[in-house]
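Here is a friendly walk through the structure shown below. Keep the viewer open as you read.

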Amino acid sequence: MAVKELSKETLTNEVLMNLSALQRFAFSLCQNKQQAEELVSEAVVKAFENRSQVRSEEKVRQWLFRILNNLFISNYRKAKNRKTVELAELSEPSFSLFEQVEMSSFTDGGTPEKNFISKITKEKIYTAIDELPEEFRIALVLCDVNDFSYAEIAAITQVAIGTVRSRIARARNLLQKKLWQYAAELGISAKEKEKDHVCTCGKEEGQTINTVTV
Amino acid sequence: MKKKNKQVQPINCEQAVARFNDFMDNYLKGEAREELMSHLSECRHCMDRFEFEQLLKSKVHQLSGPDDPAMKEKIEKLIASL
């Protein structure tokens, strides 16, 4: 069966509807506003040139992001000092910002954790994300900023879903670590822990089965 | 629909935390999900930590800012020329 070509009108609407998300993604790739704008423009031209290739109108958004990602890899990445994932980052131990802030002396009314979150500015989050290795940054932005599913991110970045899942977990872990560095600027420091949280869940005698209503 | 009580195996805090990402991203299903929910309903520490992780995720999501009118105009002109 012949595939119906995506109309210019439909593609125009899709591009305009997703323009700010594409711009954000492009910026997270290039980390340069001007290059990000050029990249989006090139991706739009490429999309219109290849609109006959789209097999499903439902996947136009995913397809646009994939074009943008591929263009970045072929035309922009080499021009940049790419921060790749280092072995040390792959074996990073799990870091919990919550555990650090919870033990801090940061009390401004309410719990230290919620106060800390409310104090983090957009700029600090941008900076922390920008410092992530490229693979982690891409996965995190597509998932947490642009709301793509793991399967869609796998299609956009052309890696396995398991890889996407692992990159997102590592990205969140590293992001928390970087935001904890920001805590020092707010005058927050960890108190010496009296002891780590000791899990006693399910340890009491006779408490081997929990019951939930589903 | 009639609700039924279902028994779930208890999990510890480490196992619960390891499921947070999948739960936040709607990938945790079936028994694994029920075990985590049961754990969160009983463990205040994990519940607080989970709420914190969710708050942080929503904070990152707020980076999805408004449209840039100048860029929109530029792209509209570009499309018109294609």
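## Chain B at a glance

Starting from the N terminus, the elements of chain B follow the order β-α-α-α-α-α. That gives 5 helices and 1 strand. Keep in mind as you look around that this is a predicted model.

What are the dimensions of the C-alpha trace of chain B along its principal axes? The spans are about 65 × 30 × 20 Å. The radius of gyration of chain B is 21 Å, whereas a compact globule of 82 residues would come out near 12 Å. Of the 82 residues in chain B, 21% are buried. Among contacts in chain B with a separation of 6 or more, 60% join residues 24 or more positions apart.

## Where chain B meets chain A

On the chain B side, 43 residues are in contact with 40 residues of chain A. Two or more residues each come from strand 1 (5-8), helix 1 (13-18), helix 3 (30-42), helix 4 (44-61) and helix 5 (69-81) of chain B. Helix 4 of chain B gives the largest share, 10 residues. By type, the side of chain B that touches chain A holds 17 nonpolar, 12 polar and 14 charged residues.

## Helix 11 of chain A

Over in chain A, helix 11 covers residues 161-185. At 1.5 Å a residue, its 25 residues should span 36 Å, and the end C-alpha atoms lie 37 Å apart, which agrees.

Buried residues in helix 11 of chain A include V164(A), I168(A), L175(A) and W180(A), and also R167(A), R170(A) and R172(A). After helix 11 of chain A comes G187(A), with a positive phi near 80°.

How values were computed. Residues numbered from 1 in each chain as written. Chains lettered and ligands numbered in written order. Predicted model: local features only at pLDDT ≥ 70, side-chain atom pairs only at ≥ 80, totals over all residues. Contact = placed C-beta atoms within 7 Å. Helix = DSSP H or I, 4+ residues; strand = E, 2+ residues; numbered from the N terminus. Nonpolar A, V, L, I, M, F, W, Y, C, P; charged D, E, K, R; others polar. Expected span 1.5 Å × (residues − 1). Buried ≥ 20, exposed ≤ 12 C-beta atoms within 10 Å, placed from the backbone. Rg over C-alpha atoms; globule rule 2.2 N^0.38 Å.
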